[in-house]
Amino acid sequence: MTFQDIFKSGFLENVTSVSLIDMGVALILAFGIGMFIFFVYKKTFTGVMYSSSFGVTLIAMTMITTVVILAVTSNVVLSLGMVGALSIVRFRTAIKEPLDIAYLFWSLTAGITLAAGLIILALVGSLAIGTMLLLFVNKKSYRNPYIVVISCRDSNSEQEAKAFLQKQVQRCVVKSKSVQKGAVELNMEIRLREDHTDFMNVLAEMNGINSAVLVSYNGEYMG
């Protein structure tokens, strides 16, 4: 064993396995695509409470995945060890919106394709996915189901309320009915014809109607 063999280190030999140019280009592109994913997420968010930290997480996840895949592709032995290390990681954070899962996989996929050198695929794929989400997620549909909760005094006011709703909406179906002395509560599913809920104001002012509430299925309240 010579003097040079003593100071020879496999760890130091891996320093130049990935060039600085490759790292810089991959991280810059990952940051750009991550910003685009963040922009699309912000424009297409339809939940109740917007979380800016989740948008930043999408950018960070794209860059982190890029770094991990760069390390894996540079060393086969390292890739096997990293697979075993990541297999024991468990995430317990609940995903409230189903669409958030798509953004998480989008960030992971963009980071993987960039680090693998498939830059055109990452750019074109991200552009196509972002365009699709912007077109379809923000597309408004006036036929979304809503629930109308009506509190009536008697059966006469109940019949008047149902007849009024049938004229104002496209579809009206009774889901449940609760009857007490001097009070009748109706839960009715409706489909709006147009994007307005002014008929709820008229309904609340009708004789025999104590209250009228319009509830959408996604947690938003209107009327």
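**Close-up views: salt bridges, cysteines and nonpolar cores**

**View 1. Glu-158 is a buried residue, with a relative accessible area of 4%.** Buried here means under 20% relative accessible area, exposed means over 50%, and partly exposed lies in between (1.4 Å probe, protein chains only). Please keep in mind that this is a predicted model: local features need pLDDT of at least 70, side-chain atom pairs count only at pLDDT 80 or more, and totals for chains, interfaces and linings use all residues. Residues are numbered from 1 along each chain as its sequence is written, and side-chain values use heavy atoms, with hydrogens and water left out.

**View 2. Glu-158, Lys-162 and Lys-177 are joined in a network of salt bridges.** A salt bridge is a side-chain nitrogen of Lys or Arg within 4 Å of a carboxyl oxygen of Asp or Glu, and the count comes to 4. Lys-162 meets Glu-158 at 4.0 Å, N to O. Both residues belong to helix 8 (residues 155–168) and sit 4 residues apart, about one turn of the helix. Helices (H or I, at least four residues) and strands (E, at least two) are DSSP runs, numbered from the N terminus. In the salt bridge between Lys-177 and Glu-158, the closest N and O atoms are 3.0 Å apart. This pair links distant parts of the chain, with Lys-177 in strand 2 (residues 171–180) and Glu-158 in helix 8, 19 residues apart. Lys-177 is partly exposed, at 48%.

**View 3. Glu-189 and Arg-191 form a salt bridge.** Their closest N and O atoms are 3.4 Å apart. Glu-189 is buried at 8% relative accessibility, while Arg-191 is partly exposed at 23%.

**View 4. The largest nonpolar core has 20 residues.** Such a core is a set of buried Ala, Val, Leu, Ile, Met, Phe, Trp, Tyr and Cys residues joined through side-chain atoms within 4.5 Å. Val-148, Ile-150, Leu-165, Ile-190, Phe-199 and Leu-203 touch the most other members. At least two core residues come from each of strand 1 (145–152), helix 8, strand 3 (183–191), helix 9 (199–204) and strand 4 (209–216). Beyond its neighbours within four places in sequence, Leu-203 has contacts (heavy atoms within 4.5 Å) with residues including Val-148, Phe-164 and Ile-209. Another core lies apart from this one and has 14 residues, among them Ala-30, Tyr-103, Leu-104 and Ala-122.

**View 5. Cys-152 is buried, with a relative accessible area of 0%.** Cys-172 is also buried, at 19%. With a disulfide taken as a pair of cysteine sulfur atoms within 2.5 Å, the count comes to 0 disulfides.
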